[in-house]
Amino acid sequence: MSEIRTGPIITISRQYGAGGRTVAKGLSGRLNLPWYDRDFVKKTAEKSGYTEEEVTRAGEEISHAGSVMNNFLNNIASYISSYDAINEAEKKVILDLSKSPCIIVGRCANIILRRGGIPSFDIFLVGDEAFRLARTKELGESGGMDPKKYMDERDRMRETYYRHYTGHEIGDYRDYDMIINTAKVSPEECVDHLAAVLGKFYS
């Protein structure tokens, strides 16, 4: 007997620094649902056979040059890139996680679930540049790179990855049920609003 879902899978896509993890964690607590972001690394490594370090590097990020080279090499029948192998493993992880309600951050999950015929509620978080830059500095992930350049580079690589593996443009309103500017509606307020909207599915 197949498992009965009590509500849609919640997916959260975001610009860098827009508070995706903050919203996912807060919403997880309010709705009593598991949320997955960095947990993907271990699960994907197990599925793909790549190390956690390799999965972390591939993540949601691929440069424009890497995308062009990937497409070129994939025309060779025997070639399968590590990016593609990791992406395929992530798809399997997402579809496996979707057997019960949860929150998934990034990984093109909204499109993967749609193509798999699995109901989802898809959110995209954006933020004004100054707001996201301040959060980028707080996160301290730039490794010495200028925070503005780091933020822009992370966004560009996510955009390229999303386009490469879905054929869609990240942030296109047609791919989401709700788009929220977290510079205007704080991540904490987002949790309140989303819990009010989605709570009926998980009460």
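**Sheet and helix packing in a predicted model**

Visitor: How many of the 7 residues of β4 are buried?

Guide: This is a predicted model, where local features need pLDDT of at least 70, side-chain atom pairs count only at pLDDT 80 or more, and totals for chains, interfaces and linings use all residues. Residues are numbered from 1 along each chain as its sequence is written, and side-chain values use heavy atoms, leaving out hydrogens and water. Buried means under 20% relative accessible area, with a 1.4 Å probe and protein chains only. β4 is mostly covered, and its buried residues number 6.

Visitor: In what order do the 5 strands form the sheet?

Guide: Helices (H or I, at least four residues) and strands (E, at least two) are DSSP runs, numbered from the N terminus. Two strands pair if DSSP finds at least two bridges between them. The sheet is open and its pairing is parallel. The order is β2-β3-β1-β4-β5.

Visitor: Which strands are the edge strands?

Guide: An edge strand here pairs on one side only. The edge strands are β2 (35-36) and β5 (178-181).

Visitor: Which residue in β5 is the bridge partner of Ile123?

Guide: Ile123 lies in β4, where Ile12 stands opposite it. β1 and β4 run parallel, joined by 6 bridges. β4 also runs parallel to β5, through 4 bridges. In β5, the partner of Ile123 is Met178.

Visitor: Which residue in β3 is the bridge partner of Trp35?

Guide: β2 and β3 (residues 103-105) run parallel, with 2 bridges joining them. The β3 partner of Trp35 is Ile103.

Visitor: Is α2 roughly parallel or roughly perpendicular to α5?

Guide: Axes are lines fitted to C-alpha atoms, for helices over the stretch in contact, with angles from 0 to 180 degrees between N-to-C directions. The axes of α2 (residues 39-48) and α5 (residues 82-97) come within 8 Å and cross at roughly 115°. Angles under 35 degrees count as roughly parallel, over 145 as roughly antiparallel, 65 to 115 as roughly perpendicular and the rest as oblique. So α2 is, relative to α5, roughly perpendicular.

Visitor: Which residues of α8 make the contact with α5?

Guide: The axes of α5 and α8 (residues 147-166) come within 12 Å and cross at roughly 75°. Contact means heavy atoms within 4.5 Å. From α5, the contact uses Tyr83, Asp84, Asn87 and Glu90. From α8, it uses Tyr161, His164 and Tyr165.

How values were computed: Buried means under 20% relative accessible area, exposed over 50%, partly exposed in between (1.4 Å probe, protein chains only).
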